[in-house]
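This briefing concerns a sheet, a pair of packed helices and the salt bridges of one structure. Please consult the sequence and the model shown below.

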Amino acid sequence: MNKKRIAMLLAILGFLLPGLIGSSTSSAEDPKRLAIVPFTMNADRDLTFLQEGIMDMLASRLAWKGEVEVLEKGRVKREAAQREGPMDRAKALETGRALQADYVIFGSLTVFGESVSIDARILDVAGAEELMTAFKQTKGMDEVIPTVNQFAMDINEKIMGRYIKPPVVAGAAAGVAASKGPGALTAVGEDFEGKGIGSVQGFKVQIVSLDVGDVDGDGKKELVFVDKSKVYVYRWKEKSFALVKTIEGGMSAEYIYANVADLDRNDKAEIYVTGLTSGSVSSFVLEWDGNTFKKIIDRQRW
């Protein structure tokens, strides 16, 4: 190959490569930036713990590596504090623009006597558009956490395109159906048509919430549920569920929610439990260490 031809080839490559490299780099989109503004608390008592808990709960459920970046809480709080008066749609959008966020979440919680209402909204900052709302009115605080959790799940699925199976909330002693074969539990939302029902089993406890997931990393799903003070883990064995572990709660524990998910991506799903303790929200996370379930996070206000 003569020098002229080599020079011409290098010139062509020099012209083409930047375009090729540039198109490859630009195809990887930056994560969407999400600002969670402190909810306005309308109550005759200090609910700062709950305000912080709602922010932490939403952040933990909406953060998505490489896809959704939840902006640092302190930074958002400082920016929001620059706007006087209760947070509304216009102020939330101003806060989002100042933080260069793609989305902003704001809302309020109102307590009047026995009545509690929560109102939450997510806005598209660039389009100044309200994408989704959540509203719940109830007696007592019991529905606050499930409402926030459902709001986060709806955002993940309908706005971010990320489906996370919800936990099942049960009433009294429950019967649980399992597909044929060891460990072949059917997840919530999964199509079970044609799989057949292999077993129906009752449990003599007041089940508050339940979920399924592979908590020990063996590739098979375990059944996890809570009553008001204990966490139960069951494994499918031959023709029925066998108890693996019962984790006792403290004297003042009152569990209201359980979720199973592998958020740290180590192929072992963690068990997330939320309860009410001494009038405040408190959550912890359990993970299997090869021998038992250990608390890896405790006393979180979400």
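An open sheet of four strands has the order S9-S10-S11-S12 and antiparallel pairing; strands (E, at least two residues) and helices (H or I, at least four) are DSSP runs numbered from the N terminus, and two strands pair if DSSP finds at least two bridges between them. The model is predicted: local features need pLDDT of at least 70, side-chain atom pairs count only at pLDDT 80 or more, and totals for chains, interfaces and linings use all residues. Residues are numbered from 1 along each chain as its sequence is written, and side-chain values use heavy atoms, without hydrogens and water.

- The edge strands, each pairing on one side only, are S9 (209–213) and S12 (240–248).
- Five bridges join S9 to the antiparallel strand S10 (residues 222–226).
- Val212 stands opposite Leu223 in S10.

**Helix packing**
- Helix H2 (residues 48–62) packs against helix H5 (residues 144–158) at an angle of about 30 degrees, with the axes 10 Å apart; axes are lines fitted to C-alpha atoms over the stretch in contact, and angles run from 0 to 180 degrees between N-to-C directions.
- H2 and H5 are therefore roughly parallel to each other (angles under 35 degrees count as such).
- The contact (heavy atoms within 4.5 Å) includes Leu50, Ile54 and Met57 of H2 and Val144, Ile145 and Phe151 of H5.

**Salt bridges**
- The whole structure holds 14 salt bridges, defined by a side-chain nitrogen of Lys or Arg within 4 Å of a carboxyl oxygen of Asp or Glu.
- In the salt bridge of Glu52 with Lys77, the closest N and O atoms are 2.6 Å apart.
- Glu52 lies in helix H2 and Lys77 in helix H3 (residues 73–80), so this pair ties together parts 25 residues apart in sequence.

Key
Angles under 35 degrees count as roughly parallel, over 145 as roughly antiparallel, 65 to 115 as roughly perpendicular and the rest as oblique.
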